[in-house]
Amino acid sequence: MLLYLIPGTLVLFLAVILIRAAMFRPAPEPEAKEIPVSLDREKIIRDMADMVRCRTVSNRDHSLEDPEEFEKFRKLLKERYPKVHEACTLEHIGRNGLLYTLKGASSAAPSVLMAHYDVVPAEEALWSKPAFEGIVENGVIWGRGTLDTKGTLLGVMESLETVLREGYVPKNDLYLSFSGEEEVDGSSCAAIVSTFEERGITPALVLDEGGAVVEKVFPGVTRECALVGIAEKGGVNLDLTLDSEGGHASTPPKVSTLGKLSRAVVRIEKHPFPYQLTKPVKEMFDTLGRHSSFLFRMIFANLWCFLPVLDLICRLSGGELNALMRTTTAITRMEGSKAYNVLPPKASVGINMRLLGSDNMDSVKAYLQKVIKNDKIRIDIVSGMNPSISSDTACGAWETVKEAIRETWPEAIVSPYLMMACSDSRHYCRITDKVYRFCPMRLSKAERGMIHGHDERVPVETLLSTVAFYVRLLKKI
């Protein structure tokens, strides 16, 4: 009897797997059509180039910034977008936050469009063209900030200027929230959110930088995907520090201070954090998995069975897929003696961690202490923040963003996504669960690599699509 039962059970198991995979198909959606938008191409090019020419490089040491460049940028906004400044109330909040308010027909469901106008430094010697001259060549605009995120800010301002000339009045109040210190985790955005709290304003939609329209980012999916971040991982910087008696390098101990720290690092890397299937990742797998090849549909339709296999693949491969599944640790710094022949009295290792799901700064510190197994190594949290909440994807705000994307990139699959980096939008999670992170640009892998890198630039056609997206979005909110 048992001989018959085992094969029968196996056949039934395989049948369930295959049937679930066969049924794991995308839900039908209305046909997407690109809605025509009329734009002033030459003005957009000119405005983007001039924004780049404002050297709004932020620094944690404010004395190293050039406040005149930031003021130059703010004056440029007033000059180039007269309709926006005529129709909106502008408030300067925090150190250099800008909050534009446009009253709508109702105040019941206000929207917030975000961007930041500060940029990271550029090692100009390594650039093919100057980073702050706004060179336009062969249909491409070169310069720091074109992708992160002056291009987005321009998209918001150009689109609003365009629709205001047509007599636009939003259905609900509209806020434009711009910070000049996002790259250094400044407090301007937090101050703007505090202003919302004080005024009792709960946004029905917040849109900030995040995912983009990309290709070849999900196994088995051949179509381009528009990834919208509905949450972001937390981030924490820690130091592992070990004290010693120091001394002359000619008589070293059996295991050096740095050697002990290195052992701790090896133990950390050999014991990754356990996997978690969080809401944004689960929804991403459910959305994109339905568009993948049959082999991958078989996996994603049956995670109840294959999740440990997927976890093993993630741990072995590392990279972005692994980062979606667990809290990650990156060893980024090591300090010891200042001289070759001196044993350091103190040595340290710096770690950057990206926190997922239920992990927080206290829990990851406790986990590392358990893994290291050396009570003499001190673990100090230098700075950090816990993961954000996950935003709602079963609401009108999500559908509104999704519709504007599909009207701009009709062939793209719109999917929730977990953002690896941190953004100013996390502050808005204090007052709403309708926070979405999407950079409305089609970006190749090479272009995504230019963000914070060398030769940052944006094709004019990409920028025009960004403005068109915001025009379509504004007409819905």
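Is Ile 381 buried, partly exposed or exposed? With a relative accessibility of 32%, Ile 381 counts as partly exposed. Here buried means under 20% relative accessible area, exposed means over 50%, and partly exposed is in between (1.4 Å probe, protein chains only).

Before going on, a word on what you're looking at. This is a predicted model, in which local features need pLDDT of at least 70 and side-chain atom pairs count only at pLDDT 80 or more, while totals for chains, interfaces and linings use all residues. Residues are numbered from 1 along each chain as its sequence is written, and side-chain values use heavy atoms, with hydrogens and water left out.

**Around Ile 381**

Ile 381 sits in strand 14 (residues 378-385). Helices (H or I, at least four residues) and strands (E, at least two) are DSSP runs, numbered from the N terminus. Leaving aside residues up to four places away in sequence, Ile 381 touches Val 236, Asn 237, Leu 238, Met 361 and Lys 365; contact means heavy atoms within 4.5 Å. Asp 362 is 19 residues from Ile 381 along the chain, and their C-alpha atoms are 9.0 Å apart.

**Two helix pairs**

Two packed helices are described by the angle between their axes and the distance between the axes. Axes are lines fitted to C-alpha atoms, for helices over the stretch in contact, and angles run from 0 to 180 degrees between N-to-C directions.

Take helix 7 (residues 257-270) and helix 12 (residues 361-372): they pack at about 115 degrees, with axes 9 Å apart. That makes helix 7 and helix 12 roughly perpendicular to each other (angles under 35 degrees count as roughly parallel, over 145 as roughly antiparallel, 65 to 115 as roughly perpendicular and the rest as oblique). On the helix 7 side, Ala 264, Arg 267 and Ile 268 meet Leu 368, Val 371 and Ile 372 of helix 12. Sorted by class, this contact of helix 7 with helix 12 has five nonpolar, no polar and one charged residues. For these classes, Ala, Val, Leu, Ile, Met, Phe, Trp, Tyr, Cys and Pro count as nonpolar, Asp, Glu, Lys and Arg as charged, and the others, Gly among them, as polar.

Now for helix 2 (residues 41-52) and helix 15 (residues 460-474): their axes come within 11 Å and cross at roughly 105 degrees. Helix 2 and helix 15 are therefore roughly perpendicular to each other. Helix 2 brings Arg 41, Ile 44, Ile 45 and Met 48 to the contact, and helix 15 brings Val 460, Glu 461, Leu 463, Leu 464 and Val 467. The contact of helix 2 with helix 15 divides into seven nonpolar, no polar and two charged residues.

Most residues other than glycine have a negative phi, and most peptide bonds are trans.

| Residue | Phi | Relative accessibility |
|---|---|---|
| His 452 | about 70 degrees | 44%, partly exposed |
| Asp 455 | about 60 degrees | 14%, buried |

His 452 is in the loop between helix 14 (445-450) and strand 17 (457-459), and Asp 455 is in the loop between helix 14 and strand 17 too. Elsewhere, the peptide bond from Asp 148 to Thr 149 is cis, with omega near -20 degrees. Thr 149 belongs to the loop between strand 5 (140-142) and helix 5 (150-164).

**Cysteines**

How many disulfides does the structure hold? It holds zero, a disulfide being a pair of cysteine sulfur atoms within 2.5 Å. The sulfur of Cys 439 is 16 Å from the closest cysteine sulfur, in Cys 225, too far for a bond.
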